[in-house]
Structure formats: structure tokens, C-alpha cells
Amino acid sequence: MAAISNHWGDIRNWVLHVIETMTDDRQYKSASRLVELLYRRMQREGVEWTICTAVYRDLYRALDDQWGDLITKRLDTEQ
């Protein structure tokens, strides 16, 4: 799946989908990089800083939540 268009909102939705479907450590690192790249792109395009920051925080919150779920699953399977 790819972003529907080059608009930052569509890219944000695609990055969120990537985060929600990640299953291992390497995907976490890649998703984190995508969040950073989107943030920088939004800044370059002149998107208001409050929106940039809100999108960045929203995506990182989703990333951290998904990472926590992955760690919990891994610990549960080891017991």
C-alpha cells in the first residue's frame, strides 16, 4: 500500500498504516524514520508548526503504543 497522493495528510495516513501493521524491530526503526521524514517534509512545505508538531506527536504516540504491544507479545510468548 502506498500513499494516495503526495499531500502530507495522505502520507500521514500511510505512515500510520505502516505503524499499525509493524511486526518486528526492523519495522519499528523504519517507521520511526518515516515519521521523521514526514515531519521534515511538512516543515519544508511551510505547514504551520503547530500542525507539524501535532502530527509528529500523534504518529510517535502510535509508534510507541505499537512498540509496547510488540514487546508485550514477545514477553508473553517467552513465558
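Tutor: Contact means that heavy atoms lie within 4.5 Å. Please note also that this is a predicted model.

Student: What does Y56 touch, not counting residues up to four places away in sequence?

Tutor: Y56 touches V35, E36 and Y39.

Student: Why is Y56 called partly exposed?

Tutor: Buried means under 20% relative accessible area and exposed means over 50%, with partly exposed in between. The relative accessible area of Y56 is 26%, and therefore Y56 is classed as partly exposed.

Student: Where is the place of Y56 in the chain?

Tutor: Y56 belongs to helix α3, which covers residues 49-78. The protein chain has three helices and zero strands, and from the N terminus on its elements run α-α-α.

Student: How far apart are Y56 and R41 in sequence and in space?

Tutor: They are 15 residues apart in sequence, and their C-alpha atoms are 11 Å apart in space.

Student: What share of the residues in the protein chain is buried?

Tutor: Of the 79 residues, 29% are buried; the cut-off for that term is a relative accessible area under 20%.

Student: How many positive and negative side chains does the protein chain have?

Tutor: There are 11 positive and 13 negative side chains, and the centres of the two sets lie 6 Å apart.

Terms used. Residues are numbered from 1 along each chain as its sequence is written. This is a predicted model: local features need pLDDT of at least 70, side-chain atom pairs count only at pLDDT 80 or more; totals for chains, interfaces and linings use all residues. Side-chain values use heavy atoms; hydrogens and water are left out. Helices (H or I, at least four residues) and strands (E, at least two) are DSSP runs, numbered from the N terminus. Buried means under 20% relative accessible area, exposed over 50%, partly exposed in between (1.4 Å probe, protein chains only). Lys and Arg count as positive and Asp and Glu as negative; His and the chain ends are not counted. The place of a charge is taken as NZ of Lys, CZ of Arg, CG of Asp or CD of Glu.
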